[in-house]
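Subject: A structure for you to look through

Dear colleague,

I am handing over a structure that I would like you to open while you read this message. Please keep it beside the text, and look up each residue as it is mentioned.

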Amino acid sequence: MGPRRSGSRRQNVVAAVVGVLLATAACAAAQLSQSYYASTCPNVETLVRGAVAQKLKENSNAGPGTLRLFFHDCFVRGCDASVLIAGPDDEHSAGADTTLSPDALDLITRAKAAVDGDSQCSNKVSCADILALAARDVVSQTGGPYYQVELGRLDGKVGTRAVVKHSLPGAAFNLDELNKLFAVNGLTQTDMIALSGSTVYFLLSTLDLSRSHESRSSEHAISSSFWLSLRLNFVVAGGHTIGVTHCDKFVRRLYQFKGAAPQNSPPMNLLFLRQMRQTCPLNYSPNTVAMLDAVSPSKFDNGYYQTLQQMKGLLASDQVLFADRRSRSTVNYFAANQTAFFDAFVAAITKLGRVGVKSAGSDAEIRRVCTKVN
């Protein structure tokens, strides 16, 4: 009972801290505007969109990785680009953040360089806003909806690993646990289901950790040690409409292990179970991956919900959305109506973008380099 009470106390502390952040961020969020940079950097959206398009041509992994980056940033300390800060106690050295996509981080670095390369925009656009715009652009450029982004966030000056673990959903979360975590961030169950089918936690099967970044200008370069810190320690949470996951994240849904704690796991389609056992045998390779959306794995659409209807959700936290009667009707609705899903997603990600927003003050700035404070 001791460890359980301790874990509960930690979760309550985190919830209280996030609650304070939400309250203090309400005024800042009210200052967000779609036309925030109309006079200071009118081409910001075009510049970011171009950088996103170029990166996606080179490596499509950057798309879902960028969306995941935005989600993780907002859920941990609010939408302040603290997830990008590189340092000895940074956020991406803990929990699920250890697997943030290097290609997504490179995309943000390129977008920042493109924006600052415009003399009218140099050092006037925050990394937090660039990340929000890039998330929108990867959605629209992979088949999803195009939506207007509220702007005016400032960058945080602190990124600590301590709050990461209890700020992100886990692969085995049940509906109550998912709802509780999202509610702390001002999001409803419908928001959660829409983001679960769209917010992609893309897990790379291989990382090219040897490529050099020294050829870029020192102002925008990301050090090799920063990339190396994104080691192959894969942790996943939530749902997915594009992307893959590794066997160790769902192997307990495939096999019963002697001495392991009982798993309260939603049922899985029997044929799909057999297929997954072939993909992930007991002696699976650490590099083996499986598609999270078996219907349309490379496109942003409503195929994820159809996967859940077929009982082919790999992660327990995915399949529970259909298994639990309280959320099943929403899954069925989104599976049958892609427009409804897109509309719900736009509403949810707009609300997500208001979480923990920072305005003028000693704890906020516009970073010259996204990976370090000024």
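Helices (H or I, at least four residues) and strands (E, at least two) are runs assigned by DSSP and are numbered from the N terminus. Please bear in mind that this is a predicted model, in which local features need pLDDT of at least 70 and side-chain atom pairs count only at pLDDT 80 or more, while totals for chains, interfaces and linings use all residues. Residues are numbered from 1 along each chain as its sequence is written, and side-chain values use heavy atoms, with hydrogens and water left out.

Let me begin with the backbone. Alanine 81, in the loop between α3 (62-75) and α4, has a phi near 60°, which is a positive value in a residue other than glycine. Alanine 81 has a relative accessible area of 0% and is therefore buried, where buried means under 20% relative accessible area, exposed over 50%, and partly exposed in between (1.4 Å probe, protein chains only). Asparagine 123 also has a positive phi near 60°; asparagine 123 sits in the loop between α4 and α5, and at 34% relative accessibility it counts as partly exposed.

Next come the salt bridges. Side chains of opposite charge can pair when their charged atoms come close. The rule used here asks for a side-chain nitrogen of Lys or Arg within 4 Å of a carboxyl oxygen of Asp or Glu, and by this rule the count comes to 15 salt bridges.

One of them joins aspartate 106 to lysine 55, with the closest N and O atoms 2.8 Å apart. This pair links distant parts of the chain, since aspartate 106 belongs to helix α4 (residues 102-116) and lysine 55 to helix α2 (residues 44-58), 51 residues apart. Both aspartate 106 and lysine 55 are buried.

Another salt bridge is formed by the side chains of glutamate 150 and arginine 354, at 2.9 Å from N to O. Glutamate 150 lies in the loop between α5 (127-141) and β1 (155-156), and arginine 354 in the loop between α13 (338-352) and β4 (364-365), so this pair ties together parts that are 204 residues apart in sequence. Glutamate 150 counts as buried at 17% relative accessibility, whereas arginine 354, with a relative accessible area of 34%, is partly exposed.

Aspartate 176 and arginine 326 also meet through their side chains in a salt bridge, again described from N to O, at 2.9 Å. Because aspartate 176 lies in helix α6 (residues 175-184) and arginine 326 in helix α12 (residues 325-336), the pair ties together parts that are 150 residues apart in sequence. Aspartate 176 is partly exposed, with a relative accessible area of 46%, and arginine 326 counts as partly exposed at 47%. Salt bridges that share partners also join Lys55, Glu58, Asp103, Asp106 and Arg110 into one network.

Helix α2 also holds valine 48, which is buried with a relative accessible area of 0%. Valine 48 and alanine 111 are 63 residues apart in sequence, and their C-alpha atoms are 5.1 Å apart in space.

Which residues of helix α9 are buried? In α9 (residues 270-279), they are Phe272, Leu273 and Met276. These residues cover an arc of only 105° around the axis (the arc of the directions from the helix axis to the C-beta atoms), which puts them on the same side of α9. The face turned away from that buried side carries the exposed residues Leu271, Arg274 and Gln278.

Finally, there is the space inside the model. A cavity is a set of points, on a 1 Å grid over the protein atoms alone, where a 1.4 Å probe fits but cannot get out, and its lining residues have an atom within 4 Å of a point. The structure holds 6 cavities of 30 Å³ or more, and about 90 Å³ of space lies in the largest cavity, a volume being the space filled by probe spheres set on the points, which are joined across faces, edges and corners. Among the residues that line the largest cavity are Phe70, Tyr147, Glu150 and Arg153.

With best wishes

How values were computed. On a 1 Å grid over the protein atoms alone, a cavity is a set of points where a 1.4 Å probe fits but cannot get out, and a pocket is an open set with protein on both sides within 12 Å along at least five of seven lines; lining residues have an atom within 4 Å of a point.
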